[in-house]
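Have the sequence and the 3D view ready.

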Amino acid sequence: MAVALGGAAAAAGHSPRDVVATLNATLLDVLKHADTLGYQGRVERLKPVMQATFDLPFMAEKALGTRWKSLGEADRARWIAAFGDFTVANFAANFDHYTGQTFELLGEEPAANDTRLVRTRVVSPGERNVDFAYRLRDAGDRWAIVDVYLEGTVSELALRRSEYASALEHQGFDALVATVRRKIADLAAGRGKRKHP
């Protein structure tokens, strides 16, 4: 654990590639100890590292689109907390079974709006490999992840924004927060996970 957390603390000011390498090392460690840690242990191991490597407040704002501007400070704080908890829960639920996976950094390249893309691959023996691309922005004091592209092309943030816009339109902000909290509970109970490592 000390290695993973130390790496997260050192991520500030490092290159985009270093930030993703820190995240990958932590994900691999969590995978290797997934059964021993259990879901809650994986959340506790991942949360400080993801807070250091992701810009969760920025992502939370972008996930709401224009609706963000209409929220007061208390609702913004409530949304950032729910969004951050859900992001961590999603990783904790999905990175739950070690079968000899390894992580490969495939490269870094410039992207739109002064961001960088870092491509990575999860190599799973006897199974199909899974490619991710992480988009990072200069958050002032550090490079931080602001989007995850599954299979290299599908923007997680765009999917969330579309889903949340529909929920906001039909149910309102309080119902959206409650829905996200329910999804976290489902992930904790072993429901609602995606099919990847």
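A residue is called buried under 20% relative accessible area, exposed over 50% and partly exposed in between, using a 1.4 Å probe and protein chains only. Phe95 counts as buried because its relative accessibility is 1%, and Phe103 counts as buried at 18%. Keep in mind that this is a predicted model, where local features need pLDDT of at least 70, side-chain atom pairs count only at pLDDT 80 or more, and totals for chains, interfaces and linings use all residues. Residues are numbered from 1 along each chain as its sequence is written, and side-chain values use heavy atoms, leaving out hydrogens and water.

Now for the rings. Those of Phe, Tyr and Trp (its six-membered ring) pair if their centres lie within 6.5 Å; planes under 30 degrees apart count as stacked, over 60 as edge-to-face and the rest as tilted. The whole structure holds 7 aromatic pairs. Phe95 and Phe103 make a stacked one, with 6.4 Å centre to centre and 25° between the planes.

An open, antiparallel sheet has 5 strands in the order E1-E2-E3-E4-E5. E1 and E5 (154–155) are at the edges with a single partner strand each, so one side of each has no neighbour in the sheet. E1 (residues 102–111) pairs with E2 (residues 115–123) over 9 bridges, and among the bridge partners are Leu105 and Thr120. In the hairpin of E1 and E2, with 3 residues between the strands, Asn113 has a positive phi near 55°.

Definitions and conventions
Two strands pair if DSSP finds at least two bridges between them. Helices (H or I, at least four residues) and strands (E, at least two) are DSSP runs, numbered from the N terminus.
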